[in-house]
Amino acid sequence: MAGIFFGIADALLRKRRCPKCGKEQVVPRERTRDTVKCIKCEASVPPPSRNGRSRADTRRT
Ligand SMILES: [Zn+2]
């Protein structure tokens, strides 16, 4: 089982900081890809982008 490594990666994915107030919060596993609301100020906290890829990376040639 690779449970330990996977657990760490999972925890990192789920930990998110509010861009507005800086409050850290843990996002439920099923919501790691969603924008969630800050538990403190209710601002939108978007999911972290992977590898710096933007959403506009869908062009085809
Ligand atoms: Zn906040």
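Mentor: The protein has an average pLDDT of 81, and 82% of the residues score at least 70, where pLDDT is the predictor's confidence in each residue, from 0 to 100. This is a predicted model, in which local features need pLDDT of at least 70 and side-chain atom pairs count only at pLDDT 80 or more, while totals for chains, interfaces and linings use all residues. Residues are numbered from 1 along each chain as its sequence is written.

Trainee: How many helices and strands does the protein have, and what makes a run of residues count as one?

Mentor: There are 1 helix and 4 strands, and from the N terminus on they run α-β-β-β-β. Both kinds are DSSP runs numbered from the N terminus, a helix being H or I with at least four residues and a strand being E with at least two.

Trainee: How do you know that the span of H1 agrees with its number of residues?

Mentor: The expected span of a helix is 1.5 Å times one less than its number of residues; for the 12 residues of H1 this gives 16 Å, and because its end C-alpha atoms are 16 Å apart, the two agree.

Trainee: Why is Glu42 called exposed?

Mentor: A residue is buried if 20 or more other C-beta atoms, placed from the backbone, lie within 10 Å of its own, exposed if 12 or fewer, and partly exposed in between. Glu42 has 11 C-beta neighbours inside 10 Å, so Glu42 counts as exposed. Glu42 sits in the loop between strand E3 (36–37) and strand E4 (44–45), and has a positive phi of about 65 degrees although it is not a glycine.

Trainee: What makes H1 hardly covered, and what percentage of the protein counts as buried?

Mentor: Among the 12 residues of H1 the count of buried residues is 0, and of the 61 residues of the protein, 3% count as buried.

Trainee: Why does Lys23 count as partly exposed, and where is it found?

Mentor: Lys23 has 14 C-beta neighbours inside 10 Å, again between the cut-offs, and therefore counts as partly exposed. Lys23 is found in the loop between strand E1 (15–17) and E2, and, neighbours within four places in sequence aside, its contacts are Cys18, Cys38, Ile39 and Lys40.

Notes
Two residues are in contact if their C-beta atoms, placed from the backbone, lie within 7 Å.
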